[in-house]
Amino acid sequence: MTFMDVGCGYGFFTIPAAQIVGETGKVYAVDIDASSIDQLKRDVAEKGLNNIRAKVGAAEETIFCEECADIVFYSIVLHDFRDPAKVLRNANLMLKPNGKMVNLDWKKKPAALGPPLQIRFSEEQASSFIKQARFTIESVKDLDSDFYLITAKPFSS
């Protein structure tokens, strides 16, 4: 299995994903923040994981490979990208025809934690971006009072 963590930060999901896909799987991780990628690389080395490829870069400019990913994952970052539509189009290029795009994000409501309300995407806004990038929404789930999860697959023509 091949897992892409786009906007991975320090690797909160990257490292568990690498453990799940195992030695024969691959995890690709990208973040624009060099210090986050440096920390992730130190943690990866400390844990002896050899199946993670992490790099510094803008998600808008990152396509690791074409039709190679089983999952392209965004964790509370879609609202942070300069061009979320382009980032999602890149995901569509990287995914295998039967792959999944997964977006975990903050609900658009006032909260003590998380990004400012004005930059958050509602489930409807995120779904609209995802559909415009030629995905079919499979599910939109409420995770708790603060988060939602959207799962989508590449549109089949």
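Is Phe121 buried or exposed at 13% relative accessibility? Phe121 counts as buried, since its 13% falls under the 20% cut-off. The views below are close-ups of a predicted model.

**View 1. The aromatic pair of Phe121 and Phe129.** The whole structure contains 7 aromatic pairs. In one of them, Phe3 and Phe73 have ring centres 5.7 Å apart and planes at 35 degrees, so this pair is tilted. Phe121 and Phe129 also form a tilted pair, with 5.1 Å from centre to centre and 45 degrees between the planes. Phe121 is buried, while Phe129, with a relative accessible area of 24%, is partly exposed.

**View 2. The ring cluster around Phe3 and Phe73.** Ring pairs connect Phe3, Phe12, Phe13 and Phe73 into a cluster. The search that covers the whole structure gives 7 aromatic pairs. For Phe3 and Phe73, a centre distance of 5.7 Å goes with an angle of 35 degrees between the planes, so the pair is classed as tilted. This pair links distant parts of the chain, as Phe3 belongs to strand S1 and Phe73 to strand S4, 70 residues apart. Both Phe3 and Phe73 are buried.

**View 3. Strand S4 and the strands paired with it.** Of the 7 residues of S4, 7 are buried, so this strand is largely enclosed by the rest of the structure. S1 and S4 run parallel and are joined by 3 bridges. Phe3 has Ile71 as its bridge partner in S4. The pairing of S4 with S5 is also in the parallel sense, over 6 bridges. Here the bridge partner of Tyr74 in S5 is Asn103.

**View 4. The antiparallel pairing of S5 and S7.** Strand S5 (residues 95-106) and strand S7 (residues 147-154) run antiparallel and are joined by 6 bridges. Leu104 has Leu149 as its bridge partner in S7.

**View 5. The buried face of helix H1.** H1 spans residues 14-21, and its buried residues are Thr14, Ile15, Ala17, Ala18 and Val21. Viewed down the axis of H1, these residues fall within an arc of 160 degrees, so they line one face of the helix. An α-helix has 3.6 residues a turn, so residues three or four places apart point the same way. The elements that cover the buried residues of H1 include strand S1 (2-6), strand S2 (26-31), helix H2 (34-47) and strand S3 (52-56). On the face turned away from the buried side, H1 carries the exposed residues Gln19 and Ile20.

**View 6. Glu60 in the loop between S3 and S4.** Glu60 sits in the loop that lies between S3 and strand S4 (69-75). With 4% relative accessibility, Glu60 counts as buried. A polar atom of the Glu60 side chain lies 2.7 Å from the backbone nitrogen of Arg82. Apart from neighbours within four places in sequence, Glu60 is in contact with Phe81, Arg82, Asp83, Lys86, Val87 and Asn90.

**View 7. Asn92 in helix H3.** Asn92 belongs to helix H3 (residues 84-94). At 19% relative accessibility Asn92 counts as buried, because buried means under 20%. A polar atom of the Asn92 side chain is 2.8 Å from the backbone oxygen of Arg134. Leaving aside neighbours within four places in sequence, the residues in contact with Asn92 are Ala133, Arg134, Phe135 and Pro154. Ser75 and Asn92 are 17 residues apart in sequence, and their C-alpha atoms are 17 Å apart in space.

Note on methods:
Residues are numbered from 1 along each chain as its sequence is written. This is a predicted model: local features need pLDDT of at least 70, side-chain atom pairs count only at pLDDT 80 or more; totals for chains, interfaces and linings use all residues. Side-chain values use heavy atoms; hydrogens and water are left out. Buried means under 20% relative accessible area, exposed over 50%, partly exposed in between (1.4 Å probe, protein chains only). Helices (H or I, at least four residues) and strands (E, at least two) are DSSP runs, numbered from the N terminus. The arc is that of the directions from the helix axis to the C-beta atoms. Contact means heavy atoms within 4.5 Å. A polar contact is a pair of N or O atoms within 3.5 Å; within protein, one must be able to donate a hydrogen and the other to accept it, and residues adjacent in sequence count only if both atoms are side-chain atoms. Rings of Phe, Tyr and Trp (its six-membered ring) pair if their centres lie within 6.5 Å; planes under 30 degrees apart count as stacked, over 60 as edge-to-face and the rest as tilted. Two strands pair if DSSP finds at least two bridges between them.
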